[in-house]
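Here is a short walk through a protein model. Keep the sequence and the 3D view side by side.

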Number of protein chains: 4
Amino acid sequence: MRYTLGCHLAYEVEAETVFIFNLEAARLTRHHDLRETFRLDPDLPVRRHVAPETGNRYVAVTVPPGRFSLDYEAEVTLDPLRADPSGIVETPVKDLPLDILPYLLPSRFVSSDRLTPFAQAEFGDVAPGFERVNRICNWIHDHIAYVRGASDEETTADETLLKRAGVCRDFAHLGAAFCRALGIPARFVSCYAYGLVPCDFHAVFEAYLDGRWWLFDATRQANLDGLVRIGVGRDAAEIAFSTPFGEMTATAMEIRIERADGAPETGERTVAAISTAEDGPDAEGGLR
Amino acid sequence: MRYTLGCHLAYEVEAETVFIFNLEAARLTRHHDLRETFRLDPDLPVRRHVAPETGNRYVAVTVPPGRFSLDYEAEVTLDPLRADPSGIVETPVKDLPLDILPYLLPSRFVSSDRLTPFAQAEFGDVAPGFERVNRICNWIHDHIAYVRGASDEETTADETLLKRAGVCRDFAHLGAAFCRALGIPARFVSCYAYGLVPCDFHAVFEAYLDGRWWLFDATRQANLDGLVRIGVGRDAAEIAFSTPFGEMTATAMEIRIERADGAPETGERTVAAISTAEDGPDAEGGLR
Amino acid sequence: MRYTLGCHLAYEVEAETVFIFNLEAARLTRHHDLRETFRLDPDLPVRRHVAPETGNRYVAVTVPPGRFSLDYEAEVTLDPLRADPSGIVETPVKDLPLDILPYLLPSRFVSSDRLTPFAQAEFGDVAPGFERVNRICNWIHDHIAYVRGASDEETTADETLLKRAGVCRDFAHLGAAFCRALGIPARFVSCYAYGLVPCDFHAVFEAYLDGRWWLFDATRQANLDGLVRIGVGRDAAEIAFSTPFGEMTATAMEIRIERADGAPETGERTVAAISTAEDGPDAEGGLR
Amino acid sequence: MRYTLGCHLAYEVEAETVFIFNLEAARLTRHHDLRETFRLDPDLPVRRHVAPETGNRYVAVTVPPGRFSLDYEAEVTLDPLRADPSGIVETPVKDLPLDILPYLLPSRFVSSDRLTPFAQAEFGDVAPGFERVNRICNWIHDHIAYVRGASDEETTADETLLKRAGVCRDFAHLGAAFCRALGIPARFVSCYAYGLVPCDFHAVFEAYLDGRWWLFDATRQANLDGLVRIGVGRDAAEIAFSTPFGEMTATAMEIRIERADGAPETGERTVAAISTAEDGPDAEGGLR
């Protein structure tokens, strides 16, 4: 399926601010024919960096005081791998590629060490495999309310569990935390999400099962078939769409993704396992 | 200066355990003529991984129930870069290499986001540069007591600040947290530390200043001249000397580092700025 | 039923220490014929205080350096009120005696405010009444493991929920927290507990329902019929059996409770609702 | 000095709500000639309770859906005890009245147990006495910024210390926490505060020194000479001006206190130690 997507961000910069943006569609084998434009107003020079281990695309720009805006537009054909969930097993720790180790460890917002007893008690006896991660998502969906404003940028997975409320970022952190606590590598994914209402940058998580990263969305708000990856990381800190250093105020933020053929969203949700990650034992090897 | 160093670790493994070790001396340009032996008893097959972005050397081994031990012995000539601290300035965020970004972000134990107000209030007005990080170390040394058992493996930098006590791991986390909170990239460093009494794996931190990573030890217990790096990472989680998955009990742990010529430690501490990190704008570029 | 009970505590006092003890059986209408001896060695002068709002019996003693021990022995006939749980309703907040208000509020270890979303989600839809509190106890019993050493003296109810483990103190804090979060007054109770193995000071909680305080033990380890109350309070801080100010080391601690007629414990557990609290709209009015 | 004071509170009640108010001036020996009116609109029946151990005046009212407002007006002559701070010593724990024990213990927001190392390190070597508590207030004033919105109703003293910001409630919690951590009883005080700009319910704390409760205001925003006490308690939870159970929205809130003779506030601050608490070894004995 081909999608058009993009965002418009505007800021009032009060004092020189360095922005590090991470909002462009990832260059993946399964992101076919990516065409894009990236414009800044004023048209300031940028520095670009693609993280070798993840493919995350960072753009840095130093902005003087005044109005500043960014427009990103892209078109991409998404060719996700679809698989039968029932055949997807967990990879034992002893068989995990060692470059995946960081995704087993606790990170700032994915406090998997604090959640280990909880995860073991709730999911320790569930049969390993794709379905166990699905059970984690169901549990989160049933126990955590999606409430705008319920969390802030310092909220950790254990806090979300107590508050029983959060937004997509929190659902993804909690899902990843439960996975890591069970010995399943998991990482945070930022994306454009077709079908999300209202449209916004979305966050889901990937679990590493059977030699591949698979997408999971505990919010159940978007179609896994329509997620265009921006970045992956240990947690939200690593792939914020905008990390500003300075003084500024956001004045506008619009995100969009539509089918390129203009067809309406049907609300149908896939039951297949979905992956857009690169192939290979070294999960992102294709990027290097 | 040439050092001999090594460790002996022994375990009683109760159920099959995957160990991921990170305890070998790093292969750095400034670690000359590194000679080493790594033996397991029983002599099990290992998998090795060198993380491309850090040079961290991971060894994984799957151990069946029973006794298990590891002996690592190495000899290395340490050739640290020495510099006059007074000439070392802070690198503005706008000039930072973008692959250093992760070391500005909060991580599990380096809760720099929670410590930003504290760091700004205590150190925000100090003139930028090497001396500011030195002031951070002095502050930690003066305000935090070195107390064995004061912390555990879940202790974060903000908790250490409240408890006013910790071990080397906590001093390094707090130092790194204050730096990141001020916009100075900082990372956790594990090492063999000549002069540390009693000898143990040591933890210090590095701050990125003036285009290079510099070593800092807020415990003031070891000589910066005699630190043989093992690994670097966001915090202790990433570079534990041993990350076990399974059931086992540690039964022995001996760490040692001595001058290869047998000369005694003098207790003298360098006043120069010290770095053993790789050269280049891409800090670890030499490793790739 | 008549019980003999008591404790022996011994300390090595390193520097003058003020002890505040709260370990004598409460003087309640339903504690018939209480006979007791309280001896200190050396025989130091004490100050006594009975808190008017709770009846808690505090004994303060200032102890010079050296050995110090306390022996308390008592005999009491316990005459609990037994009632059919099915007839016990919740008292609406609008009908609560106002002196009970403190037991609706969060306290240091009963962090009911942090647990309100969790309590509402798990128990908000359960029909009000004794059975709802029983459900809370069942939930805790099913979800929290009784593990010695799992907590320390700073552990709060929300931490226990995450750790999924604790001791009687933690079970009581969590039960009280869930109750308060639902608008049910609850307080922490310290007691001698007939049938507890091994014998120790025990902690349970009381919920205020239908105009009276009723006993609940989420550990299910003791018989509600055999609880001899020591003190009640907001949480463990208020009624520690010993609050020392100074420097000392505990060297012995023995607690006992037996049937006065020497009959063995049967292991049978009552299914009735049990209360030993005073009558009256002002719950402890009989004490004044 | 004679003051007129009062408040106007208005609510839109969406579902039946029980309000428990604690906003009337305390009836103290040093509050002379207190004249007051308390009106509700609609004029609903109230229940009143004066807590025997504190004199706190609680008013409960059950309000049906609709508009609801409360008007309290009072006139009182404040006759504080003034003393020379230099003569006020700390009362050793062994000489403290035992009914003061609760004010040495940690409570929900006064997390003195978590702050003990910090308090000991900063103030443990300061000479005991009134001046030590004054030093605590100076430290808080110098290190914590007064920032509206910096905290919420779950903020604890240790969090305020990390955030380096708060409002009067947080300043009082932190001051009380440092005191308790040093063995000085301290309690939270709500009051009308002459000279506070803008006028609001104010929070300060009292420390028990030399046999009496003395007022301290770490915000330095109000004159200790002009504080009309409403209530005292372990922390803010116990004496919220309004504790609602139900569904409602606050629509108006006006607080005022002026000199009855209309004289303007001079901005002068007393240098004397000030107390309005009751006399006697039992601190609030005069209330019973």
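A residue counts as buried when its relative accessible area is under 20%, with a 1.4 Å probe and protein chains only. By that rule, helix α4(B) is mostly covered: 14 of its 14 residues are buried. The model is a predicted one. The helix length can be checked. The expected span is 1.5 Å times one less than the number of residues. Helix α4 of chain B, residues 168-181, has 14 residues, so it should span 20 Å; its end C-alpha atoms are 20 Å apart, which agrees. Just after α4(B) comes Gly183(B), with a positive phi of about 85°.

Now turn to chain A. Four strands make an open sheet there, in the order β11-β10-β9-β12, with antiparallel pairing. Neighbouring strands are turned by 40° against each other on average, direction ignored. Strands β9 (residues 186-193) and β10 (residues 201-209) of chain A pair over seven bridges. In β10(A), Glu206(A) is the bridge partner of Arg187(A). Helix α4 of chain A packs on this sheet and touches β9, β10 and β12. Its direction makes about 10° with that of β10(A).

Last, look between chains C and D. Each chain gives 34 residues to the contact. The buried area is about 3000 Å², and carbon and sulfur atoms give 65% of it. Lys94(C), Leu98(C) and Arg108(C) supply 23% of the area that chain C buries against chain D, more than any other three residues. Six salt bridges cross this interface. Glu238(D) forms a salt bridge with Arg234(C), with the closest N and O atoms 3.0 Å apart.

How values were computed:
Residues are numbered from 1 along each chain as its sequence is written. Chains are lettered from A and ligands numbered from 1 in the order in which they are written. This is a predicted model: local features need pLDDT of at least 70, side-chain atom pairs count only at pLDDT 80 or more; totals for chains, interfaces and linings use all residues. Side-chain values use heavy atoms; hydrogens and water are left out. Two strands pair if DSSP finds at least two bridges between them. Helices (H or I, at least four residues) and strands (E, at least two) are DSSP runs, numbered from the N terminus. Axes are lines fitted to C-alpha atoms, for helices over the stretch in contact, and angles run from 0 to 180 degrees between N-to-C directions. Contact means heavy atoms within 4.5 Å. Buried means under 20% relative accessible area, exposed over 50%, partly exposed in between (1.4 Å probe, protein chains only). Buried area is the accessible area (1.4 Å probe) that two parts lose on being put together, summed over both. A salt bridge is a side-chain nitrogen of Lys or Arg within 4 Å of a carboxyl oxygen of Asp or Glu.
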